[in-house]
Amino acid sequence: MSDQMSNAQPQFLTVGEGEAAREIAMLVRPAQAGNGAPALVWLSGYRSDMSGTKAVELDGLAAELGLACIRLDYSGHGLSGGSFGDGTISRWLEEALAVIRHVAPDRVILVGSSMGGWIALRLAQELVRQGGPKLAGMVLIAPAPDFTSELIEPNLKAKERKSLAERGYFEERSQYSPEPNIYTRALIEDGRKNRVLDGIIETGCPVHILQGMKDADVPHAHAMKLVEHLPADDVVLTFVRDGDHRLSRPGDIALLLSAVKGIIRSSTNRQMPT
């Protein structure tokens, strides 16, 4: 299976026009012939990319089950072009939507980690509004919908507000990288336009949320708040008592793959005539 994974070559898709054009890298695993199960779509978190542990494990599951798997790097991330400083939820959402439309599977299961969970929820709304592949299910890992307005803005210190006003961004030490996290005024302002926690979110599909209770970045109360905004869907919320934000330990990965398999099974059952 590792040979199958290592042979994959990234493809590039131009998204946007003129000065806004950027090359988006994607890794697309085709489904085995005759496999009609939904394609898995990986949506990374802020400053993460499609070669992270969870993304690679998801692709490995797709290889094992003969499923299609689509991974992409947002602009300013990984192998994609464009500047990270230009990134906003709207821009990264546009890229994810463009890649999904380009590959054009019939049905998809969105697997989103942290900020990728927010983008997954926005994708669900846009696929309903604009048409596109049918959403068969979602697995959200430590989802961070509306993190700019819910988790960043209320906690801004005076010096960070000053930096946003004067420089257009502020920096914050990252526990995952020697480089600081950079949050721009554009990201925060655009985040307000992409809020999903201000009304009912109708995905029309089963949703499984995995959330660590020792998550220092996204408090587990945030996952509970999200569930309140998904009243019409079949939602499972799994708390990992000693889990951190990344949920990348072997036991966490096993939970993730089990959740994805559960969504695949339920999507297959729904396709069968009663």
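Contact here means heavy atoms within 4.5 Å. The exercises below use a predicted model.

**Exercise 1.** Work out how compact the protein is for its length, and which secondary structure it holds.

*Solution.* 
Step 1. Count the elements: the secondary structure comes to nine helices and 10 strands.
Step 2. For the extents, the C-alpha trace spans about 60 × 40 × 35 Å along its principal axes.

**Exercise 2.** Find what share of the contacts with a separation of 6 or more joins residues 24 or more positions apart, and what share of residues is buried.

*Solution.* 
Step 1. Among contacts with a separation of 6 or more, 74% are between residues 24 or more positions apart.
Step 2. Buried residues make up 50% of the 274.

**Exercise 3.** Is S44 buried or exposed, and what does S44 contact?

*Solution.* 
Step 1. Locate the residue: S44 is in the loop between β3 (39–43) and α2 (53–65).
Step 2. Apply the cut-off: buried means under 20% relative accessible area. S44 has 1%, so S44 is buried.
Step 3. List the contacts, leaving aside neighbours within four places in sequence: D49, M50, L72, Y74, S113, M115 and G116.
Step 4. Look at D49 again: its backbone oxygen is reached by the side chain of S44 at 3.3 Å.

Key:
Residues are numbered from 1 along each chain as its sequence is written. This is a predicted model: local features need pLDDT of at least 70, side-chain atom pairs count only at pLDDT 80 or more; totals for chains, interfaces and linings use all residues. Side-chain values use heavy atoms; hydrogens and water are left out. Helices (H or I, at least four residues) and strands (E, at least two) are DSSP runs, numbered from the N terminus. The radius of gyration is taken over C-alpha atoms; the globule rule is 2.2 Å times the number of residues to the power 0.38. Buried means under 20% relative accessible area, exposed over 50%, partly exposed in between (1.4 Å probe, protein chains only). A polar contact is a pair of N or O atoms within 3.5 Å; within protein, one must be able to donate a hydrogen and the other to accept it, and residues adjacent in sequence count only if both atoms are side-chain atoms.
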